[in-house]
Structure formats: structure tokens, C-alpha cells
Number of protein chains: 4
Amino acid sequence: MTDTLKVGVIGAGYWGPNLIRNFNDSPSSDVVAVADLQPQRLAPIQKRYPSIHMTTDHRSILADPKVEAVAIATPISTHRALCEEAFAAGKHVLVEKPLAGTVTDAEAIVAAAKAADRTLMVGHTFVHNPAVGAVRAIIERGELGEIHYIDSQRVNLGLHQFDFNVLWDLGPHDVSITLHWLDQEPRWVQCVGGCFVQDDIEDVAWLTIGFASGAIAHAHLSWLAPGKIRTMTVIGSRKMAMYDDLMPVEKVKIFDQGVERLDPDELRRAYRAGDIHSPRVPMTEALQVEVTRFVESVRTGKPSISDGEAGLRVVRVLEAASRSLCAKGARVELA
Amino acid sequence: MTDTLKVGVIGAGYWGPNLIRNFNDSPSSDVVAVADLQPQRLAPIQKRYPSIHMTTDHRSILADPKVEAVAIATPISTHRALCEEAFAAGKHVLVEKPLAGTVTDAEAIVAAAKAADRTLMVGHTFVHNPAVGAVRAIIERGELGEIHYIDSQRVNLGLHQFDFNVLWDLGPHDVSITLHWLDQEPRWVQCVGGCFVQDDIEDVAWLTIGFASGAIAHAHLSWLAPGKIRTMTVIGSRKMAMYDDLMPVEKVKIFDQGVERLDPDELRRAYRAGDIHSPRVPMTEALQVEVTRFVESVRTGKPSISDGEAGLRVVRVLEAASRSLCAKGARVELA
Amino acid sequence: MTDTLKVGVIGAGYWGPNLIRNFNDSPSSDVVAVADLQPQRLAPIQKRYPSIHMTTDHRSILADPKVEAVAIATPISTHRALCEEAFAAGKHVLVEKPLAGTVTDAEAIVAAAKAADRTLMVGHTFVHNPAVGAVRAIIERGELGEIHYIDSQRVNLGLHQFDFNVLWDLGPHDVSITLHWLDQEPRWVQCVGGCFVQDDIEDVAWLTIGFASGAIAHAHLSWLAPGKIRTMTVIGSRKMAMYDDLMPVEKVKIFDQGVERLDPDELRRAYRAGDIHSPRVPMTEALQVEVTRFVESVRTGKPSISDGEAGLRVVRVLEAASRSLCAKGARVELA
Amino acid sequence: MTDTLKVGVIGAGYWGPNLIRNFNDSPSSDVVAVADLQPQRLAPIQKRYPSIHMTTDHRSILADPKVEAVAIATPISTHRALCEEAFAAGKHVLVEKPLAGTVTDAEAIVAAAKAADRTLMVGHTFVHNPAVGAVRAIIERGELGEIHYIDSQRVNLGLHQFDFNVLWDLGPHDVSITLHWLDQEPRWVQCVGGCFVQDDIEDVAWLTIGFASGAIAHAHLSWLAPGKIRTMTVIGSRKMAMYDDLMPVEKVKIFDQGVERLDPDELRRAYRAGDIHSPRVPMTEALQVEVTRFVESVRTGKPSISDGEAGLRVVRVLEAASRSLCAKGARVELA
């Protein structure tokens, strides 16, 4: 039997405690140390996990030879430096999404991982969600036919960020899921948005991505909404699918409906509205799947579905979307 | 007591029968004649209303001196000619939305109404919907504060049109409601879409409208969706409102929530999430309100909230959106 | 081609206009006369259907040889006398539910139909609802396994009746649907209720029916509820079904779930929670199906699924439930 | 500043871990020891809380002078003996619901607490739920008027118990909430049910409770249902309230509707259907409130709203309901 993977967690703000809980609960890993610059964040964690080492200096974690891997949940602007330090220290890295705030930084991180021959995984948690995986399988086996478009609603009240906008905060989810589902390169990006609460930081954005096949993905991203919505609708030429992450059951529904025949000459239309089917989806927490796959990737050396390359592709779309946002929504072509 | 208004209905396709039913049921009007080029559309109407005169020639209606007003529910491309004929015959006109397919035609119709000194009303049924009126009243009295943005979902499966796209089919609803609510001129328009079932006819479109105040309205319009959605969310600086036209009750909800305080210096955020209130909205059918207001407008000579000018403003936005659609979503400024 | 069935409608209160509309719209029937004691009820009907004869004396309808069948939508206490008169005049009869207020009266009506050799059908509209039929088919082919229990919610605010209670008003729906689904005789009945708004007239009742197979049906019936609910849940040994009549789509859902294995010795439980399936159900209005089947039954002489016998079975359960209600909920055995 | 309360938890099955987490996270208490007969249940808890003492012998906890209070989450049949032991050892006790399986045992536990002068609290978690508290406040200030009836749906698939039925498993929630809301003594109880999966153990039951004021409470309790439902509807003479525990927001709604006027002489009915209001309810976990109130009760000596007397009242209703169940649903009067 392999020993459990010894993990250090850097950053104990909003997301860090979830990483700690999941790495700790997993039979294949243990958290041995947690670092955060703010001691008051460490206190409640120490109360719950008295045996984990707490520190305000992440370098003590990187210096610890027992620690094989680090999970980084710090502000985006720190990702590159921390990842490079971690790879230099020979650690494997799970870094929160987005991988970086620029393509340049993201490429540097990917290169550092390669140079150190260490696993790099990006915390695109949703691609590890069993419901997202179920939709991917349905698309892959052709059940929906050719994909026409994907419409996504990802809105809630808060949490406003101060250093980056809603596109970089919520957008990584839609972009990573869409790229995972469509499995093809995006060709162009458009983005419009509004800055209503803070100057120069968009709290609402509408993102459109065009693909080579003609498929379009559209996402409504907002920190200003009366309630939380997490729905993605996939329109195919044969069937349609709906993924609602907030449903306790029936997270995924397949609608056997579409256009049967349109005949302008006779002004005729025929639609097919058949059965609706909701496949059983395991209830496993996505983050639990993610940490398990991270350990697997470390152990086997094989890339996961949210490896560095996947994370870099997401950053490319977001950076192009930022340029479109500055250019009043003009279309930005991707290389 | 005034006599009932004698109405002729031109066009007995999808919408015409609704006009016939509502004008007939209203105590202030009677339908005296119905015209359609296709006799097979007239047969079932004749069965239900044996005493109404059916004809395949609308000119016999325009020539009938008993007929004071006509309701036109024919293809958009025929609106201008029919309206001009009707005004020339001295009739008042209720014409289905959109008023016309071009700004030029819409302006000509408005001019013809003015020259004939007759009432022109456009069938923007939703602005006569009691729930839409309730939201307008809430906005007017400042309850929501300054309006940040409006997001609309107006999607369903079908009915595909053969001569115009989803922007011109469903878009008039969102544009007319938004202009009615915000009561200010739009400054710019953007639109992206996709043609998936028919060549060159968009069956999905995402429309964005910018206003002088900085407010933005966004609408997802689609004939390709697994279910029918009719929601409009209004985000204000003080409160938020949701209008869901498909709810049997609670069509309008006011959310007493928003951003209380954001303080980047201390990385602090405070949100207000208070009570949710759903005001009672009368159940009156919007079309019944519309026909009543049309009769009123004819009798008093006063313009209604969906008069020719209102209809023209909608066409200006749609024409600009069409130009944006052709220009790959580039922003089109409005004069 | 057979001529259309000429129908007279007796009673133009709440339900009568629906019968008029459906018999009139059906290609196989025509309404030729409507009777109601209150002339003010006839006026709006006359406006809509100028060619139908209106009368305040139902005897003129029964005396009219053109009239082949009558639809009776009058207070329950009048059903027996009107049915007997109608059969005596040689008419076929569709009478609203419940067939009568006592088993004695119900038996007399059934006997009168038989003596006159005329069709008797009871307006248990819901058994003609395509969704109810879909559930019946699912049960019949054994998909749910053995039926354990049915739980029904049938509540709304109003319409309070003045001469009979909620059990006799809403109960006929649950009893007729349940008997149609289970297709076996009820053995015992229990009913508790409360009279909150009017003395001695229950506005809420909970009805329980036991069947020979061990199956139990329970219904919550109420005129005092914050919203309208129309759900029936069927628990089988293999699967479960839910019928929600208010859903625009997905009226019927089949849940592939149940108890896999219970083992007290090892304190083990295993449940099966599989896919959820919603079969496509035609959108046809139940009352349209009902009038079509009535015409069919008249033309062929074959009984429908809501014939006199079916209506009598419902009255037997309701009368027993009334006795239980008077006896503080004590169980009443059925013969 | 007072020291934190040192708590021992006896029973680490389904519910125990929740008690451990909440006592541990609370600033006013610490878990110092956990006992369970099955060592395999202790292992995962030890992994998460390495500093808590684990034992298979609860007596070592009772013998520990550091331990001031115990939380008991063991099978019902063991409650009396364990509580009596704990009081004899001078500990305060929080015991899971129901307090006991018989009135005799429940009375003995209450007497033991009184004799030892120690705090006894029963884990009726729901009465500590902020939404339940909000409804209680609404009822108390008369907003709903006189309470007519309460209808409750508490159903889900599983977890089947092997030693007691659904009435004793789910029923304590409805009975404790109802008694808390109505604040009056029940007069009679009726219960019917069915044993479909295990012989002699009801997996579905319908419970009716009558009160002195004429109010009625009805609950549908089931381990056999296609989905989880947790709704309670309160019908008052002035307004109605709905409590849906599974809603992420809008857990409580107040409906300003009711019967305005019924006039049988003129066959008139008038209903009031006004606004719907959803008061903001704190999101605090009910169990966190419960453990905080338990510590408070221990520190102040003042009884909580789910003290021994409250727990005993619940057992009286359940025991009477059991007798009704055996007597085929016959009404059982309460002293």
C-alpha cells in the first residue's frame, strides 16, 4: 500500500478550508501544514485540526521534505511566484483557478512544472463534478447530435472581489466546463459588461465564445443578482440537455426534443417534443473527486483533465475576453 | 352610453383568433368582420362565431362604413401597405408588433396615422400586462434605486419564422418592456446570434442595449430551448426585482437586497439580504387590457403607452441590432 | 359520415360554459340549446354564441326532438330528478360529478339509464386526462410493481360550497382517479376533517381508503390553502410515480427508486436511486377527451371509463367517508 | 470569562458526528471524549479530531470528572438507562429525540433529572431552527389570526429503522414543532399507516392531532417517497404561512389571503388574495443554536424550549398515536 500523500496548503481564506477538509478526509492524502499571512485565519482551523502545523510563512512548508505537494489558494497575482517557488522546491502543485491573470504568467507556470517534472493541476473544480462528467459523456457519445449552442447563467449576490472582475472570478467555471464539453479550440471571444458598484471592476459580464464548428457558448456572469443560479443549457441538433448544479436531484436532464422539419415553401414547422430523462448522477462532492485525481496524477505522472494545459487554455480565453471588454465588445480573434 | 367599437380583424393566423376573442368579449367592442387570404383559416372561426362576417378580401372590410377600426395581424412585410390603406379609408389601427421591418416603413406608418388623424397603436401586448405595469410603478417610485441592469430570458422551442429571425420575433417584447420601464433613450446596441436550423435566419440571439444613464439591458432570445422561459431581472442600486411571466402567482418579486458596503482597504464586503416581497398583481389578461386601451385611445384621441411613437422606437433598436448582427457584434451607436 | 351529436346543456354556472365550449368546438357534436334558471348567466353566453338557443326552462330542451343528449351541470341535489326526466325523454346523459349525493340516488340514476337503454356518463373529467391515462398504463404493465400507497394533495383557496363539503366537492377527483388506477374494490374508508369557515361544512378533510391488496390511498382535500396543489404520488414496490397536474410539462415522472434490501440482522439498508423519466403526455384538454368519448359511447353503445357504474362506485366511497367523518374518523367497512 | 463546557458524546452513529462537530466548533464548548460500542465508527472521527479521546466504554466518560455534560445519540431503547446513569454521575444531559419509547420511561428520565438537579434537554433540533422560530413569532403576535389547521409533509426515501416505525422516527419533528407553535395541549390523536417493506413496522403513517381550540394538525410521514419533502402549512383565520425547510431562501412565506365573506343566501363568496411576504430568516444551523442553548441552560439553570417536559409531551402524543395505529385509526383521547 502506498503511503498517503502529504500535502501543505498555502492560503487559508475563503477556499483554503475546503481544500484542507477534503485532503484531510481523503484516504489517500493528509494535510500536514497550513500557511497564511494572517494568523487570525489559522486559529479556527487549528481548533478543528489540532495536529496540523500552522504557519504564517509558506517557505517553511516548501522547505519541509515531508511535504510532497502543495495546494495554493491565494490571490491570483501571487500564483506565478508561488508555483515557481514550489516547483523549484520539488513539490507537486494544485493551484486554484484561474491558473494566472495573464497568458504570460500561465505559460511560465506550465513551463516551470515541465522543467521540474512535477504535476501541475488547476482547481477547475467543476470539471470534476459528476454531473458535468455525465453531460460530457452524453455529448461524446453523440446523443445530443451536433452542438449548436450552450447558454449559461452563473449569478449570485457577491462575493465582490477588489482586484479582479466577475469575468475572472466566475468566468473560469464556464470556460473550463465549455472547453471540456466541446473539446475543440475557441476561435473568437466577445464580452460586454458593466461596473456598477466599484469603478473599473465589472460586476456583471456577458461572455460569448465562438468555436470552429460554429458552436457558440454564452455566459451571464454576475455578482449582482437576487438569487444564486448555476444552469447550463446545451442545445444540440438531436436533443437538448440542462445542467442545474443547484438541484438536489435531477441535476442533469436530457430533453428528447428539437426541430423535426421546417418547410418555408409550405410555411410548415414540425417539432419533436418527446420524453425527458434525468440520469442518476453520483452525489460525490466535486472537490473530493478533484483531490483524488490530483493524488492519482502525482502517483502516476499522468495529466488530469484540469492539468496545466487545460488551465492555460482557460486563461487565453479570459485574456481575450478582457481585451474585448476594453474594446466595447468588439470581437477578438484567437490564434 | 357610447356604442361599442366595431372592429374588423385582418389576418387570422396564429394571433388573429386571440384578437377576435378579446375584441368580441370586451363590453366596449364587437368584431364585425374577419379577413384572411386563406379560407381554411376562416372556417373554424366561423363555426365559433356564426354571426361574424368572413372574407378573403380585406378591402371589403376597409370599404365597410360600419367598421371604425381594424386590427392587423399579418406578416410584418405587409404592415406598411395595410396600415396606409386603412388610414386612407379613415380607420383607426391596432397593428401587431413589430410596427414594421425597417425604420423607414415605421416612420411612414406613423406619418400616415398623423396625416389621417387616426389612432395608431402597436400590439406590444406585454407593456399592457399588469405584472409589467407593477414593475414599472416600482421603478418609477424609486424603490429599486438607480437601475444598473436588466437581464432577460425569452426562450422556447419554436415557432420558427421563415421570413425574419428571432431578434425580430421575440426581441420586440424585451425592447418594448425595457423602454417602458427605463423611460430613457437607448444609446447603443450590440447583438450576436447563431443560425442553426435555417441558413441566414438566426434562431438564437443575445441582444445588449446601453442607455445614457449607464444602465444595460441584455436579452437571450431563442427558438431553440428545452423549455419556455419568460423572466426579466432588474438590478437596482437599492433593491432587485424579478418578473416571471409564467408563474401562476408571484409573477413579480422584490428582493430587498444589495451591496451594503465594499471596502477594498480592509478587504471587507457587506451585503444586505432582507425580506422578499411579492405584490398582488391583477390576473387580467394583457390582451384584454390592450384592446380596452385601444378603444379608449380611439374614443379619447389620447395616445396609449404602445402608440406609434413607442412602436417606432422599438423598430429603431431592432434595426440597429440587425446591423450589429451583420457586423459580428460590433457596437452600433444610436443617434 | 355521421351527423354531429346535438347536445343541450342544462346549467350554465361555473362548469357549464366549459361543457358548451368543448361540445361546440368538437367536430363530432354541436350545442343547440342551453338552459339555466338565471337569465343573467345566459346573456354572456348568448353574446359569444349568438346562434345557440337560450332558455330558462330545461323542459323545452328535453321536449326538443332534435336534442339527442343533455349535459347536466347543476347542483348535486338536482341530479337524480333531472337525469330521470332526461332518460324518460329518451336523451343520453352526461352528468357532472359526483353522480349523486347518496348511494340511493346514484343507484336510481343508473337504473333509469338502463331502463331507458341510454348512455349515462359521469363527468369525472380527470380520468380522461392524458396524464392520468399515462399513469394507468404504467401501473397496468407492472412497471411500478405492487402498489403500496397513493398520496394525494388537492388543495386551493376556495371555492367554498354552501350545500356540501370539500369531501364531496374535491373528493370525487381523487376517488375516481384512484379507483381507475388500482382497478380493485375499496374495503374500508376513514375520514377526518374540520369546519373552520362555515358551521357543519368541512372545508378541509383527510380521506384514507384501504384496498383488498393492502394498498392505501390518502388524500388531503382543502378549500383553505395558500396555493393550488394537484399532486398524486404512487409508491410501488419497484418504482414510484408522481403526477402533478399543474406542471406545464413533466406532468408525470417515474422514479426508478426503492428499497433494495433491508437486513435488520446486520443493520443494513440499501436503496436504489436510479434515473428519473418523464414520458411525453399529449397536451389534449381532458374535457375535450371526455366529450369525444361521450359522443363515442352514445354512437357505439359501449360504456366509457366514467360510466354510471364508475360514478356509483365513487358515491359509495364518499357516502362511507361521510359516515366516518360523523363518527370522528372511525373506520367504515365497505360491503 | 467562563470556561468552555466540556462535553462527552455517547453514540457515534448517524447523528453523533453532527453533535461532535457542533459542540467542537462552538466557542462555548469542547468535545473531550466520544464513546461508541463499535470501534470502526470511532476511527474516521479520530482521524478528523486527533486530540479527542475515543472509547468503546461510555462509563469511562461518565467517570471522568472533567466531563460536565453528555450528549446521548444512541438507540431509543437505551435512553432511559443511559440518562439515569449520567444523572447519577452528576452530568447534564442532551439526549436525542424522542426522549424515550414510552411515557413511563420518559417520566422516569424527567424525574431523574429533577432529582439530580441537572439540565435535561431533548434534541428536538427543529424547534431551534430559525425558520421555525420565525413562524412561532408570527403566530404569537396574532398575524395569522386563529389557527385553523397545520398540514405537514415529511417524506423521503429511507432511512428505514429496524426497531421502531416512521411515526417514532419522523413524527417527533412534527409533534414538537406543532406543540411549540400552538402552545396548547392536544386533546386527541388518530393515526393510520401501512407496513410495506418490513412486517409490523410502518413505513408510512398519517397522523392527526386535535387541540382544545379546535385546531387540527395533520402529518404525512414516510420512508417511501420519490423525493424529500419538508413542508408545513399553517392556515389561520387571517393569513396563511408556509414553511419549507428545503428552500435555500424563502423558507418561510406569509400569504395575506383568506376568506373575506361567504354568504349562502346570495351564493356569494369573496376571497382575499393579497401580497406574499417572505421574511428574512438567519441561516444559522439549527443544531448550532441547539448546542448553544444547551450550554446556556447548563450555565443558567433555566429550561430551554426543548427541555424534559417538552420532550415528555411529545412522547405522550406518540404513544397515543401508536395506540390509534393498533386500533385501526380509532381516535385516542388524551388526558
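**Overall size, chain A.** I compared the radius of gyration of chain A with the rule for a compact globule: 335 residues would give a value near 20 Å, and chain A has 21 Å, which agrees. I note that this is a predicted model. I then took the extent of the C-alpha trace of chain A along its principal axes and got about 75 × 50 × 40 Å.

**Make-up, chain A.** I counted 9 helices and 15 strands in chain A. I looked up burial next, and 53% of the 335 residues of chain A count as buried. For contacts in chain A between residues at least 6 apart in sequence, I found that 67% join residues at least 24 apart.

**Chains A and B.** I listed the contacts here and found 40 residues of chain A against 40 residues of chain B. I asked which strands of chain A each supply at least two residues of the side that touches chain B. They are β7 (147-155), β8 (186-194), β9 (204-211), β10 (216-222), β11 (229-236), β12 (240-244), β13 (252-263) and β14 (268-278). β13(A) gives the most, with 4 residues. I sorted the residues on this side of chain A by class: 24 are nonpolar, 12 polar and 4 charged.

**Chains B and C.** I found 5 residues of chain C in contact with 5 residues of chain B. On the chain C side, 2 of these are nonpolar and 3 polar, with no charged residues. I superposed chain C on chain B: the rotation is 180°, the shift along its axis 0.0 Å and the RMSD 0.0 Å. The two copies are thus related as by a two-fold rotation axis. I looked for the C-alpha of chain C nearest the axis, and it belongs to C:Tyr49, 3.2 Å away. The same surface serves both copies, since 80% of the contact residues of chain C recur in chain B.

**A sheet in chain B.** I traced an open sheet of 6 strands in chain B, in the order β3-β2-β1-β4-β5-β6, with parallel pairing. Its edge strands are β3 (53-55) and β6 (120-123), each pairing on one side only. B:Val9 stands opposite B:Ala71 in β4(B). I also checked helix α8 (residues 286-300) of chain B, which packs on the sheet and touches β1, β2 (29-35), β4, β5 (92-96) and β6 of chain B. The direction of α8 makes about 170° with that of β6(B).

Methods: Residues are numbered from 1 along each chain as its sequence is written. Chains are lettered from A and ligands numbered from 1 in the order in which they are written. This is a predicted model: local features need pLDDT of at least 70, side-chain atom pairs count only at pLDDT 80 or more; totals for chains, interfaces and linings use all residues. The radius of gyration is taken over C-alpha atoms; the globule rule is 2.2 Å times the number of residues to the power 0.38. A residue is buried if 20 or more other C-beta atoms lie within 10 Å of its own, exposed if 12 or fewer, and partly exposed in between; C-beta atoms are placed from the backbone. Two residues are in contact if their C-beta atoms, placed from the backbone, lie within 7 Å. Ala, Val, Leu, Ile, Met, Phe, Trp, Tyr, Cys and Pro count as nonpolar, Asp, Glu, Lys and Arg as charged, and the others, Gly among them, as polar. Copies are superposed by least squares on the C-alpha atoms of residues with pLDDT of at least 70 in both. Two strands pair if DSSP finds at least two bridges between them. Axes are lines fitted to C-alpha atoms, for helices over the stretch in contact, and angles run from 0 to 180 degrees between N-to-C directions.
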